[in-house]
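Hello,

Here is the structure I promised to pass on. Please open it first, then read my notes below.

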Amino acid sequence: MTTSIPGGFRALPLPLAQLSLAAVLKCGQSFRWNIFPLHDPAQPSGDSDAPTHEYRLCLRDRVVCLRQSPDHIFYRSVFPPTASDETETRHAETVAWIQDYFQLDIDLVNLYRQWSIADPVFCRIQDRFEGIRMLRQDPFENLISFICSSNNNISRITKMVKSLCQRYSPPLVSLHPPTGSTADIEAYHPFPPPSALAAPEVSTQLRALGFGYRADFIQRTAAMLVQAHGTAHNPKTHMEPSETWLATLKNINTADARAELLKFVGVGRKVADCILLMSLDKREVIPVDTHVHQIAVKHYGLRGAAKATSMSPKLYEEVSSKLAAVWGEYAGWAHSVLFTSDLKSFASYGLASVPSTPSLTPDRAPASADSTPLPTPHNNTFASSGSRKRKQLSGKTWQHSDLINDEVADTLPGFIIDDPGHSLAERVKRRRRGAGI
């Protein structure tokens, strides 16, 4: 069947089992994606494989727009009018960013297979919650976002992060909503740098925006970074020195990286572990909260009462060690699938009707009233379709060429974004020169 590519987009072949945007971008990892339902009158209503949503994220220099069908990711980038006109370089940069941000060099189907063999609980949910992988986020954005997460819910964190960007970062570009959406034209703001949040008056301003006690944590953490590393803006990377320094924590061991993060105001063990897992490549790390503790007691034989009155360091370590022993090297990734499956906002995800069976922790608090409806996967008969896809993909070595068409694969041989000292455009050009392009 010929893939129908939306106008203005390009296509990357990528099965839903490797990445589900509908799950990954709404499960509490990142809080800045704008999600638009698509109701395109030009699209035949009987095409069940057509994208149902568009996802947009503002980076430092562009807005990336994504859509998904069962077998492809469709992407395009929108730039401010002043951007240089190097279309193919921009195209290569966006593909490289997608590859890096979603960590597409990691074969998720193979990980699901390993976890389902080792863990009957995971085996029970794997088909319905397929395609959930860890994002590789910007460390500073991740740090500030999870300071906002303290005693909070996904919907409110999303609103706080959006107001932070609108207040402290100038708009990059304004875009109309996708065809068929009823939303208004919207300005897109990059995430602000540390220097924009470090001034003493920021705390008072954030309190006025509804951040509460988190306002002081954000300002003081940004100030610590600026005082330690300065504010000189790198025109090549668009990064400040403290942002570059945070990225270097990927290169040290987990315990030392955690110790550095725990120095910041408002960062405890769980927030530090979220940052380690979601932006610093510490894939074995499992962030533990009371709901993860309940899952460990109910399903994994952890001794003690399911409802812990407090999460002591000893209990935190017991839960983390217990689950890491089950899931192995990528334990943090497996944890994210179980965590997502237990979110009340995902209670009907992937189902034709609301389930009659409880979640993994049935006494979990209901979703907040202001929660937005979730996008859902294309095929609601998840058990049969997921098993079929998994069989088709099993036994196959997952390569970059499986994700990127031949043209882009030739442009970006072995591309890995691991050098914060050079801009994305420079890294693409260096790779091209190395390949003789």
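Is Tyr349 buried or exposed? Tyr349 is buried, because its relative accessible area is 2%, under the 20% cut-off. Keep in mind that this is a predicted model.

Tyr349 has a ring partner, Phe346. Phe346 also counts as buried, at 0% relative accessibility. The two ring centres lie 5.2 Å apart and the planes meet at 50°, so the pair is tilted.

The whole structure holds 17 aromatic pairs. Another of them joins Tyr112 and Phe122. That pair is edge-to-face, with 5.0 Å between centres and 80° between planes. Tyr112 belongs to helix H3 and Phe122 to helix H4. Both residues are buried. Trp33, Trp97, Tyr101 and Phe102 make up one aromatic cluster.

Two arginines sit over rings. The charged end of Arg56 is 4.9 Å from the ring centre of Phe36. Arg90 lies over the face of Phe79, 4.1 Å from the ring centre.

Now the core. The largest nonpolar core has 98 residues. Leu66, Phe102 and Leu261 touch the most other members. Helix H12 (residues 269-279) contributes the most, with 7 residues. A second, separate core has 12 residues, including Val63 and Phe74. Leu261 touches Ala272, Ile275 and Leu276, among others.

Last, confidence. The average pLDDT of the chain is 84, and 77% of the residues score at least 70. Residues 380-398 fall below 50. Residues 400-418 stay under 50 too.

Best wishes

Terms used: Residues are numbered from 1 along each chain as its sequence is written. This is a predicted model: local features need pLDDT of at least 70, side-chain atom pairs count only at pLDDT 80 or more; totals for chains, interfaces and linings use all residues. Side-chain values use heavy atoms; hydrogens and water are left out. A nonpolar core is a set of buried Ala, Val, Leu, Ile, Met, Phe, Trp, Tyr and Cys residues joined through side-chain atoms within 4.5 Å. Buried means under 20% relative accessible area, exposed over 50%, partly exposed in between (1.4 Å probe, protein chains only). Helices (H or I, at least four residues) and strands (E, at least two) are DSSP runs, numbered from the N terminus. Contact means heavy atoms within 4.5 Å. pLDDT is the predictor's confidence in each residue, from 0 to 100. Rings of Phe, Tyr and Trp (its six-membered ring) pair if their centres lie within 6.5 Å; planes under 30 degrees apart count as stacked, over 60 as edge-to-face and the rest as tilted. A charge sits over a ring if NZ of Lys or CZ of Arg is within 6 Å of the ring centre and within 35 degrees of the ring normal. Lists of a residue's contacts leave out its neighbours within four places in sequence.
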